[in-house]
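Student: I would like to learn how to read a helix and the pockets in a model. Can we go through one together?

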Amino acid sequence: MCNNMDFRPTRAVINTAAIKHNAQQVVSYLPNETKLIAVVKADGYGHGVAEASSAALAAGAEMFAVATPDEALALRKHDPQTDILVLGPSPVSFAKYAAQKNITVTVTSVVWAEKVGDLQRFNKKCKVHVKIDSGMGRIGVRNETELARLIEAINQSENLSIDGTFTHFARADEEGPEPTDLQFQKFMQLVDVFPEKPRLVHASNSAGTLIFPEYSLDAVRFGISLYGIAPSAVVAKKMPFKLQRAMTLETELSYVKKVRAGEGISYGGKYITSENDWIGTLPIGYADGLKRALTGQEVIVGGRRVPIVGTICMDQCMVKLPHEFPEGEKVTLIGKQGDEEITMEEWAERLCTIPYEIAVMLSERIPRVYK
Ligand SMILES: *Cc1c(COP(=O)(O)O)cnc(C)c1O
């Protein structure tokens with residue numbers, strides 16, 4: 001087979017067995033009646049939506065969640081059957097396609113429900129989950145009056161039917177349960193407004209699922225930890241089971257040279273070589289998601305950590321080696337090699353962000369290879 005990944009050693013290796021393991025672990029951790037909604041938005045957090053969703057399904061996931069209508073349609077092509085929930089808002093024009101393709105949408109607006117109700121009658125109703133804002137401050141109705149009006153508007157519409165309701169925790173990944181307890185209480189009060197309990201009432205993301213099992217309700221929306229990553233250091237310390245990381249980022253030394261002291265390396269000559277430096281070049285750069293701010297970050301070569309030196313270029317970067325290595329020597333940027341391991345958390349710390357952002361910033365140019 002001849003495709004792009006045959007010609008570039010830079011690749012993200014995805015271990016689908018790890019995703020399956022993490023999903024299985026959470027299914028057995030959850031109360032029996034709680035369903036697993038596998039969150040596979042943003043191309044399965046950069047791991048590939050097709051493979052991630054299949055792995056989660058094999059481990060017992062009963063529904064998928066994505067962020068946008070387009071993500072739902074792409075996933076529907078891969079999986080013709082499993083329920084899919086769109087977590088973000090959808091335009092009125094999407095409701096008809098959603099109904100046809102068994103995609104469930106999130107509703108927050110009376111106007112939206114009325115407009116969909118005014119459309120020519122669908123063959124099949126569009127299933128909706130009503131979003132309640134219990135403290136995230138993003139989308140959702142915020143009090144009894146708003147909720148009652150929205151439920152009324154949905155029930156008036158021949159094109160819509162309520163399948164669920166949910167809220168989203170803003171601080172379940174932090175130390176201290178109070179904000180999450182308050183959000184849960186507010187959510188439960190509002191759920192009482194429904195004349196009939198919706199089939200799926202759900203609140204928890206990964207952090208909620210892992211730290212607050214008592215808030216699991218009918219389903220949990222499990223995202224980041226499906227891929228083996230703890231939502232925060234606080235949650236990592238309290239993990240009820242061990243996660244397996246699903247992604248490794250690797251490449252090879254494409255060029256190796258010995259340089260004299262005092263030479264500049266890369267744009268701006270910002271790294272000046274010292275005596276007898278061996279400099280290796282890696283075929284990965286900021287167009288791949290290796291941000292320029294990652295200069296100084298280490299990679300693993302021959303089982304040892306070595307630093308990225310000089311400015312990171314769009315497609316390549318340089319590392320300082322302890323001695324000569326052959327061209328083609330394996331380089332691990334994220335993952336284990338020998339006794340060393342570099343995690344997405346380590347990159348995240350250097351970039352003042354969270355590992356979620358690392359997983360999704362590795363660009364499409366990096367082929368995902370599955371094992
Ligand atoms: C992304 C998202 C999730 C998943 O969150 P994780 O922290 O990745 O588990 C759950 N619910 C909503 C509404 C989301 O947007």
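This is a predicted model: local features need pLDDT of at least 70, side-chain atom pairs count only at pLDDT 80 or more; totals for chains, interfaces and linings use all residues.

Student: Which residues of helix 4 are buried?

Tutor: Buried means under 20% relative accessible area. In helix 4, residues 69-78, this holds for P69, A72, L75 and R76. They cover an arc of only 125° around the axis, so they lie on the same side of helix 4.

Student: Which residues are exposed on the other side of helix 4?

Tutor: D70 and K77 are exposed there.

Student: Now the pockets. How is empty space found?

Tutor: A probe the size of a water molecule is rolled over the atoms, and this shows where empty space is left. Here the largest pocket has a volume of about 750 Å³. Its lining has 35 residues, with K41, Y45, H168, N205 and Y356 nearest the centre. Among the elements that give two or more residues to this lining are helix 2 (41-45), strand 4 and helix 12 (355-361).

Student: What is the lining of the largest pocket by class?

Tutor: There are 21 nonpolar, 6 polar and 8 charged residues.

Student: What is the volume of the second largest pocket, and which residues lie nearest its centre?

Tutor: The volume is about 550 Å³. Of the 28 lining residues, Q244, R245, A246, K336 and E341 lie nearest the centre. Strand 18 gives the most to this lining, with 4 residues. By class, the lining of the second largest pocket has 13 nonpolar, 7 polar and 8 charged residues.

Conventions. Residues are numbered from 1 along each chain as its sequence is written. Side-chain values use heavy atoms; hydrogens and water are left out. Buried means under 20% relative accessible area, exposed over 50%, partly exposed in between (1.4 Å probe, protein chains only). The arc is that of the directions from the helix axis to the C-beta atoms. On a 1 Å grid over the protein atoms alone, a cavity is a set of points where a 1.4 Å probe fits but cannot get out, and a pocket is an open set with protein on both sides within 12 Å along at least five of seven lines; lining residues have an atom within 4 Å of a point. Grid points are joined across faces, edges and corners, and a volume is the space filled by probe spheres set on the points. Ala, Val, Leu, Ile, Met, Phe, Trp, Tyr, Cys and Pro count as nonpolar, Asp, Glu, Lys and Arg as charged, and the others, Gly among them, as polar.
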